[in-house]
Amino acid sequence: MSRVAKPSLSLSLQFADSRHREQLPRHRVARWVRAALDAPGEITVRIVGEDEGRQLNHEFRGKDYATNVLTFDYAQEPVVHADLILCAPVVAREARELRVSIADHYAHLLVHGTLHAQGWDHETSDEDAEAMEARETEILLGLGLKDPYRQRR
């Protein structure tokens with residue numbers, strides 16, 4: 001069986017909040033992002049604290065709380081250009097609540113954010129949400145991870 005080559009990826013990995021640096025080595029982050037790419041990508045992944053996460057969510061989405069992942073997509077073709085901002089304290093809290101490892105939760109959120117960067121949107125309709133969840137699940141299972149939506153099905 002031949003393997004399909006994944007698209008190229010230029011990755012910038014930044015840690016404004018370094019508490020999870022050990023769980024996020026560059027090769028793992030690149031593997032997770034690349035798994036969700038359907039085209040070459042130039043992606044910045046920035047891990048932030050609660051204050052920066054809240055500020056960005058408020059400034060760009062009008063919501064006054066830190067969220068798990070924000071996707072800033074600048075171009076989808078011919079190269080996906082995007083910034084993925086993940087809030088370390090929120091990721092840690094959600095991982096505890098979901099009873100999954102921090103690394104597995106980051107993998108899910110990076111796949112989720114990368115799909116958003118390519119135009120996937122779960123907030124437009126129930127059908128779009130189901131399609132995006134199915135694609136995330138397919139990618140995560142391909143990475144050897146569990147279905148993050150299994151508890152809701």
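## A walk from the sheet to the core

Start by selecting strands β1 and β2: they run parallel and are joined by seven bridges. Strands here are DSSP runs of E with at least two residues, helices are DSSP runs of H or I with at least four, and both are numbered from the N terminus. Two strands count as paired if DSSP finds at least two bridges between them.

Before moving on, note that this is a predicted model, in which local features need pLDDT of at least 70 and side-chain atom pairs count only at pLDDT 80 or more, while totals for chains, interfaces and linings use all residues. Residues are numbered from 1 along each chain as its sequence is written, and side-chain values use heavy atoms, with hydrogens and water left out.

**The sheet**

Zoom in on L11, and you will find it opposite I43 in β2.

With the four strands shown together, you have an open sheet in the order β1-β2-β4-β3, with mixed pairing. Its edge strands, β1 and β3 (69–75), each pair on one side only. Neighbouring strands are turned by 15° against each other on average, direction ignored. Axes here are lines fitted to C-alpha atoms, for helices over the stretch in contact, and angles run from 0 to 180 degrees between N-to-C directions.

Select T44, a residue of strand β2. Is T44 buried or exposed? T44 counts as buried because its relative accessibility is 19%; buried means under 20% relative accessible area, exposed over 50%, and partly exposed in between, using a 1.4 Å probe and protein chains only. Leaving aside neighbours within four places in sequence, T44 is in contact (heavy atoms within 4.5 Å) with S12, Q14, A82, D83 and L84. Colour β4 by burial and you will see a mostly covered strand, with six of its eight residues buried.

**The helices**

Show α1, which lies across β1 and β2 and runs at about 130° to β1. Then show α3, lying across β2 and β4 at about 70° to β4.

Move on to α5. Its 17 residues should span 24 Å at 1.5 Å a residue, and its end C-alpha atoms are 24 Å apart, so the two agree; the expected span is 1.5 Å times one less than the number of residues. Buried residues in α5 include A129, M132, I139 and L140, and the buried residues of this helix pack against α1 and α4. Just after α5, click on G144 to find a positive phi of about 85°.

**The cores**

In soluble globular proteins, nonpolar side chains tend to be buried together. A nonpolar core is a set of buried Ala, Val, Leu, Ile, Met, Phe, Trp, Tyr and Cys residues joined through side-chain atoms within 4.5 Å. Which residues touch the most other members of the largest core? They are V45 and L86, in a core of 36 residues. The largest share of this core, eight residues, comes from α4.

Centre the view on V45: among the residues it touches are L11, V29, V33, L86 and L110, not counting residues up to four places away in sequence. For a last stop, select L56, A66, L70 and F72, which belong to a second, separate core of eight residues.
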